[in-house]
Each structure stands twice: as structure tokens, then as C-alpha cells.
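Me: I am new to this structure. Please show it, and then let us go through it in short questions.

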Amino acid sequence: MKGILRSLLTVIKNTFIRSITVLYPYDRIIIPYNSRGSIRLVVDLDTKEIICDGCGECVNACPLKLISVEKVSHDKKIKNFYVDISRCLFCGLCEEACKKDALKMNFNYELAERDFSALRHDIDKLTEYAKPKVKEFWKS
Ligand code: SF4
Ligand code: SF4
């Protein structure tokens, strides 16, 4: 009897306390700025080019070797850049390793895909955020 009363009191008390959870996906919380979500390649807003020169520091820093860079030979430009997000630990070591601030972690946490291969993000996916046609998820 005591237990039932205690449970009842807890229910009544919690009815008047503001909820700290939301009914996702109908409601969304504002994610703190420095959260570690999806990885993106930084695009220079003036030249519209990515800053990455393919030095490979982030490739070496990733403990699971999830990053690979394809470079254009005899050039500083990169052809493609891949991150296998399916196994990513979101540790941020790749971001820390990049001295040029060319790779950043985003606060987008909605990374689910129906097709497993879509979790291998390529240069298009990693710069998608910078394309004006993409509606940012937190504004929807
Ligand atoms: S993202 Fe940074 S660390 Fe990684 S290859 Fe590009 S410039 Fe080098
Ligand atoms: S966040 Fe960590 S695990 Fe994920 S790609 Fe970067 S270094 Fe690798």
C-alpha cells in the first residue's frame, strides 16, 4: 500500500514538472553549438571551394581509419573525400587533427539511412550543408 501511494505521489509530482524530453520527431530540441554530430568539410564562402588540401592528418588521427582522401595527382586539390559514418565514434579526433580547420563536426544528429552504403559520406555529402537548396533540418 505504501509503495502504491509513493508511486501515485511521484506521478502527481511529475505532472506539474516541466518535461525535459520531447516527442521526437514532432518536436526537436536545440542542439548545443559544439555538439559532435555529422562531419562536414568546410567550404570557403568567397571562393566556394573546400579548404582541405588532402594532407591526411585526419586520416592518421582516426582510430578506426574511417577517413580516406583521393587526391588529384601533382595538385593540392582533392578529388574525393570519404568518411564511413556507420562506424564513427564521434570522438572528434579528426577535427582536432586538422590544422586548417577544414573539417568540422556538425550538430546534425539525424544520420539514419535506409541504404547502408549511403552511410559512406563522400565529398558531395560532406559539403551538402553549404548548398543553398538544402533545408537545414532544425529550421523545418
Ligand atoms: S580535412 Fe584537414 S587534416 Fe584532413 S586531409 Fe583535409 S586538410 Fe588535412
Ligand atoms: S569522429 Fe573519430 S571515429 Fe569518427 S571519423 Fe573522426 S576520428 Fe574517426
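Reply: One definition comes before the rest: Ala, Val, Leu, Ile, Met, Phe, Trp, Tyr, Cys and Pro count as nonpolar, Asp, Glu, Lys and Arg as charged, and the others, Gly among them, as polar. This is a predicted model, in which local features need pLDDT of at least 70, side-chain atom pairs count only at pLDDT 80 or more, and totals for chains, interfaces and linings use all residues. Residues are numbered from 1 along each chain as its sequence is written, while chains are lettered from A and ligands numbered from 1 in the order in which they are written.

Me: How many charged residues are in the shell around ligand 1?
Reply: A residue is near a molecule if its C-beta atom, placed from the backbone, lies within 6 Å of it. Ligand 1 has 13 residues around it, and C52, C55, E57, C58 and C98 come nearest. The shell holds 8 nonpolar and 2 polar residues, and the charged ones number 3.

Me: How many polar residues are in the shell around ligand 2?
Reply: Ligand 2 is surrounded by 13 residues, the closest being C62, C88, C91, L93 and C94. Its shell has 12 nonpolar residues and no charged ones. The polar count is 1.

Me: In what order do the strands of the open sheet lie?
Reply: Strands (E, at least two residues) and helices (H or I, at least four) are DSSP runs, numbered from the N terminus. Two strands pair if DSSP finds at least two bridges between them. Antiparallel β2 (residues 67-71) and β3 (residues 78-84) are joined by 5 bridges, and 2 bridges join β3 to β5 (residues 120-121). The order is β2-β3-β5.

Me: Which residue in β3 is the bridge partner of K71?
Reply: β2 and β3 form a hairpin with 6 residues between them, and H74 in the turn has a positive phi of about 55 degrees. Along this pair, E70 stands opposite N80. The partner of K71 is I78.

Me: Which residue in β5 is the bridge partner of D84?
Reply: β5 is an edge strand, pairing on one side only. On that side, V83 stands opposite H121. D84 is bridged to R120.

Me: Is F16 buried or exposed?
Reply: A residue is buried if 20 or more other C-beta atoms, placed from the backbone, lie within 10 Å of its own, exposed if 12 or fewer, and partly exposed in between. F16 is found in the loop between α1 (2-15) and β1. Because F16 has 6 C-beta neighbours inside 10 Å, it counts as exposed.

Me: What is the count of buried residues in α1?
Reply: α1 has 14 residues and reaches 20 Å from its first C-alpha to its last. This helix is hardly covered. The count is 0.

How values were computed:
The expected span of a helix is 1.5 Å times one less than its number of residues.
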